[in-house]
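Student: I've got this one open on my screen. Walk me through it, please.

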Amino acid sequence: MKAVKNVLIVGGGTAGWLTACFMAKHLSSTREREGIQIRLVESKDIGIIGVGEGSFPSIRGTLAAIGVDEARFIKECHGTFKQGIRFDHWVRPAGSPGADHYFHPFSHPSQRGPELLPYWLKGLAARDGQQPAFADAVTMQKCIADASRGPKRFADKDFLGPMNYAYHFDAGRLAALLSEHGQSLGVNRILGTVEHVQLDDQGAIAAVHTQDGQVLAADLFIDCTGFSAGLIGKTLGSPFKSLNDVLFVDRALALQVPYAKPDAPIPSYTISSAQEAGWIWDIGLQERRGTGYVFSSRHTDEARAEQVLRNYIGPAADGMTPRLLKLNVGYRETQWIKNCVAIGLSGGFIEPLESSGIGLIETAAYLLTYLFPFNGEFDAVATQFNQHMKARYERVVDFVKMHFSLSQRTDSAFWRDNRDVASIPESLQEKLKMWSCRPPHRMDFIADLEMYPPSSWQFVLYGMEFQTDMANNKFVYPQDQEATQEFQMIAQMAQRALADLPDHRKLVEHLCRAA
Ligand code: FAD
């Protein structure tokens, strides 16, 4: 067994550079002593995917861990705050009677009193005889986001604020920032397009060869080559588990459009608007919106999809041509083979809904650093890594599929097919069966294997108007008075928060000045 002294990351997108920064930062105390060298090779001819503008709150911990402060991130990546996701027309098509949207906030339900969900289900959150939506009843975040307020005050510290939040950002700028930061942490950047991967006599990777004749040998290789999966897939043959029969979208048409006015309000949430054969994302950055229609090519064609996107955007899209992307939705159950680990799109991709892409990169980079095989013993850590990542992917799939499977839409084959039981993983069916007669509980989840906390499941479940029958278990929840008081308190505090929190655009401008 040979000690690991030399790491080569192949690919310089978000996955490559985030992993590089994470490893450089966390192995830095031992890097000199052990002499571990981290290099990253990227191709100037093969671009990065360049989409992926939404994140999950875990990104704040990651940026703090690698040493990038918030103001710099916001300024250099043209970032804005993301307090959650607004789902438009997911339950029923536009124009139908009933709620036309729901909110998935990132703040957890208030935890001052009893757990509020069962009491909301008992109807105790009613105001003026009207039952508010679950997200409205248990946090003040929707009220704050609806009023165009940011999640924190000017004076709140780096990455901290009264509301939980993530960011929207320009994906190209993020890769550039991470590249600069990684190099400042000592990562050695090499330009080159890998055209050949050389194996040793054990079938492990010995070196990669670039088109311009460089031979880059290493002890550990990280495959961050995106969908092409040059090392883990093409060379080592790790099978790709397609999810086409569960998650139907396989194409995206992406278009960046300007705001109507430079000082237009910036929504501090992603808008996800359900359409006849998929959904449109709408993300507000500082100077433009990022939009895109993610659709199923089995349920529509590109010309119709473009029309749907144009109808959504309106005149701002005139004269602009959307970029078509083909998506491989699925993942590799084995993401670490011998001395090669896949991180990012090379390992898998569960469609953009709920921004799992970067979250899964963060987990993989963290796991790799934690499990780092200093002594060259790969087998045990590979098993651990593979089991953990597979379990995480399975749970993300359930969470994302839940959005589609609970829709009441029957207006197109896409939505009807999504409710077909054959397309719903058994693990999700079991969860839904349990929750039809009792509310979800945190014990239903193994926290270390979940990307999404129990509250996210609850916000989506009840946002999608899932029904839980409380007839036989109401008596288990006797704290009606405390819960009612807490619902009232949340509504009052929301009004105070509106006075306290700044306008979202002004908060962003403040941070840009502070950077
Ligand atoms: P890429 O960005 O494709 O980078 C691959 C790198 O490998 C490039 O640097 C390339 O030059 C290099 N490379 C490839 N082949 C070679 C070679 N032979 N030699 C040398 N270098 C090579 N994620 C989220 O978290 N939130 C979102 O909102 C979100 N939205 C998305 C929307 C769409 C439509 C898509 C497709 C994805 C979205 N994702 C999102 C996923 C996210 O974009 C990716 O997870 C993230 O960008 C990481 O990509 P990557 O670094 O793995 O691959």
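Tutor: One definition before we look at strands: two strands pair if DSSP finds at least two bridges between them. Also keep in mind that this is a predicted model.

Student: OK. Which residue of E11 does Val 10 stand opposite?

Tutor: Val 10 faces Asp 223 there. The strands involved are E1, residues 6-10, and E11, residues 220-223, and they pair in the parallel sense over four bridges.

Student: And what's the bridge partner of Val 7 in E11?

Tutor: In E11, Leu 220 is the partner of Val 7. Val 7 also has a bridge partner in E2, namely Ile 38. E1 and E2 pair over five bridges, in the parallel sense.

Student: Where do those strands sit in the sheet order?

Tutor: The order is E7-E2-E1-E11-E20-E19, six strands in an open sheet with mixed pairing. E7 (188-191) and E19 (336-337) are the edge strands, each pairing on one side only.

Student: Is E1 mostly covered or mostly uncovered?

Tutor: Mostly covered: four of the five residues in E1 are buried.

Student: Switching to the ligand. Which residues come nearest?

Tutor: Gly 13, Gly 52, Gly 226, Gly 344 and Gly 357 do, out of 36 residues around the ligand. Helix H1 (14-26), strand E2 (37-42) and helix H11 (356-370) are the elements that give two or more residues to that shell. H1 gives the most, with three residues.

Student: How do the shell residues divide by class?

Tutor: There are 16 nonpolar, 18 polar and two charged residues around the ligand.

Student: Which domains does the shell draw on?

Tutor: Domain 1 (6-79 + 168-243 + 329-377) and domain 2 (251-326) each supply at least three residues.

Student: What separates the two domain centres?

Tutor: The centres of domain 1 and domain 2 are 28 Å apart, taken over C-alpha atoms. As for contacts, nine residues of domain 1 meet 14 residues of domain 2. On the domain 1 side, those residues are three nonpolar, three polar and three charged.

Student: New topic: which residues does the UniProt "binding site" annotation cover?

Tutor: The unreviewed entry has Gly 12, Gly 13, Thr 14, Ala 15, Val 194, Leu 345 and Ile 358 under that name. They are spread over 347 residues of sequence and up to 24.0 Å in space, between C-alpha atoms. Lys 82 is also listed as "binding site" in UniProt, again from an unreviewed entry.

Student: Take Thr 14, then. Why does Thr 14 count as buried?

Tutor: Because Thr 14 has 27 C-beta neighbours inside 10 Å, and 20 or more is the cut-off for buried. Thr 14 lies in helix H1. Beyond four places in sequence, its contacts include Gly 52, Leu 174, Gly 344 and Ile 358.

Student: What does Ile 358 touch, not counting residues up to four places away in sequence?

Tutor: Thr 14, Gly 52, Ser 55 and Ile 59. Ile 358 belongs to helix H11, and it counts as buried because 24 other C-beta atoms lie within 10 Å.

Student: And Lys 82, is that buried or exposed?

Tutor: Lys 82 is buried, with 27 C-beta neighbours inside 10 Å. You'll find Lys 82 in strand E3, residues 80-82.

Student: Which residues is Lys 82 in contact with, leaving aside neighbours within four places in sequence?

Tutor: Gly 54, Ser 55, Tyr 165, Ala 166, Tyr 167, His 168, Ser 268, Tyr 269 and Thr 270. Ser 55 is also one of the residues that Ile 358 touches.

Terms used. Residues numbered from 1 in each chain as written. Predicted model: local features only at pLDDT ≥ 70, side-chain atom pairs only at ≥ 80, totals over all residues. UniProt positions renumbered as here; feature names shortened; annotations may be inferred. Buried ≥ 20, exposed ≤ 12 C-beta atoms within 10 Å, placed from the backbone. Contact = placed C-beta atoms within 7 Å. Near = placed C-beta within 6 Å. Nonpolar A, V, L, I, M, F, W, Y, C, P; charged D, E, K, R; others polar. Domains from an automatic or database assignment.
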